[in-house]
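Please look at the sequence and the 3D view together, and keep both at hand while you read. The paragraphs below begin at the ligand and then follow the chain through several of its elements.

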Amino acid sequence: MATSTAFTDTNTGETFILDLKTGRLPADSMQLHTYRYMLEQHGNDVTKGMFWTPASTKTDKQSAKQGTATELYDLDNNTYRHVSSMYSQAMKGISQGIFVPHVTALCKGCPVRDACWTVNGKEAYRYPIETTITAPTKEDKEHQ
Ligand code: SF4
């Protein structure tokens, strides 16, 4: 479990993403890039971020009291340009009714796997191969 917040350093006035972890720190900054993208969708451009965990590091005695933090990552880089383009394309697809299934280890516990063609779900035959988009009906509007 983790929680993420945007903080402003009152000394420098710089805003950064602080992602609080309960266990081990992630090996890369991909999640921070994702948070940056989400914040940007709401008009907040935050270009730095870091992880923190209350877990201590064997080699650092201070961490027993203060937990362990990563460096403050610069998120304004090529990774971000690719991550944001990937999300933008996915959003465009979803708005057109195109969902690209993402097969991972989590498929095992997926509640709709029986309907999913990528895992050869036994009910998958019931669904059309091509995505069909229908215009919203009056009834749909009433339910919104
Ligand atoms: S089984 Fe299909 S729908 Fe479920 S998580 Fe995997 S790819 Fe996604």
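Around the ligand stand Pro101, His102, Val103, Leu106, Cys107, Cys110, Val112, Arg113, Cys116, Thr118 and Val119, where a residue counts as near a molecule if its C-beta atom, placed from the backbone, lies within 6 Å of it. This shell divides into eight nonpolar residues, two polar and one charged, with Ala, Val, Leu, Ile, Met, Phe, Trp, Tyr, Cys and Pro counted as nonpolar, Asp, Glu, Lys and Arg as charged, and the others, Gly among them, as polar.

The model is a predicted one, in which local features need pLDDT of at least 70 and side-chain atom pairs count only at pLDDT 80 or more, while totals for chains, interfaces and linings use all residues. Residues are numbered from 1 along each chain as its sequence is written. The chain has a mean pLDDT of 86, and 89% of its residues reach 70 or more; pLDDT is the predictor's confidence in each residue, from 0 to 100. Among the elements, α4 has the lowest mean pLDDT, 61, whereas strand β5 (residues 73–74) has the highest, 95.

The secondary structure comes to four helices and five strands, which follow one another along the sequence in the pattern β-β-α-β-α-β-β-α-α. Here helices (H or I, at least four residues) and strands (E, at least two) are DSSP runs, numbered from the N terminus. Of the 144 residues of the chain, 8% count as buried, that is, with 20 or more other C-beta atoms within 10 Å of their own, whereas a residue with 12 or fewer is exposed and one in between is partly exposed, the C-beta atoms being placed from the backbone.

One of the residues involved is isoleucine 17, whose bridge partner in β3 is glycine 49.

Threonine 47 lies in the loop between α1 (30–41) and β3 (48–53). Why is threonine 47 partly exposed? Threonine 47 falls in that class because 16 other C-beta atoms lie within 10 Å. Beyond its neighbours within four places in sequence, threonine 47 is in contact with Asp74, Leu75 and Asp76, contact meaning that the C-beta atoms of two residues, placed from the backbone, lie within 7 Å. The C-alpha atoms of threonine 47 and aspartate 76 are separated by 5.5 Å, although these residues are 29 residues apart along the chain.

Helix α3 has 18 residues and reaches 26 Å from its first C-alpha to its last, close to the 26 Å expected at 1.5 Å a residue, the expected span being 1.5 Å times one less than the number of residues. α3 is hardly covered, for the count of buried residues among its 18 residues is zero. Just after α3, glycine 97 takes a positive phi of about 80 degrees.

Further on, asparagine 120 is found in the loop between α3 (78–95) and α4 (138–142). Asparagine 120 has a positive phi of about 55 degrees although it is not a glycine. Most residues other than glycine have a negative phi. Asparagine 120 counts as exposed because 10 other C-beta atoms lie within 10 Å.

Key. Pairing = 2+ DSSP bridges.
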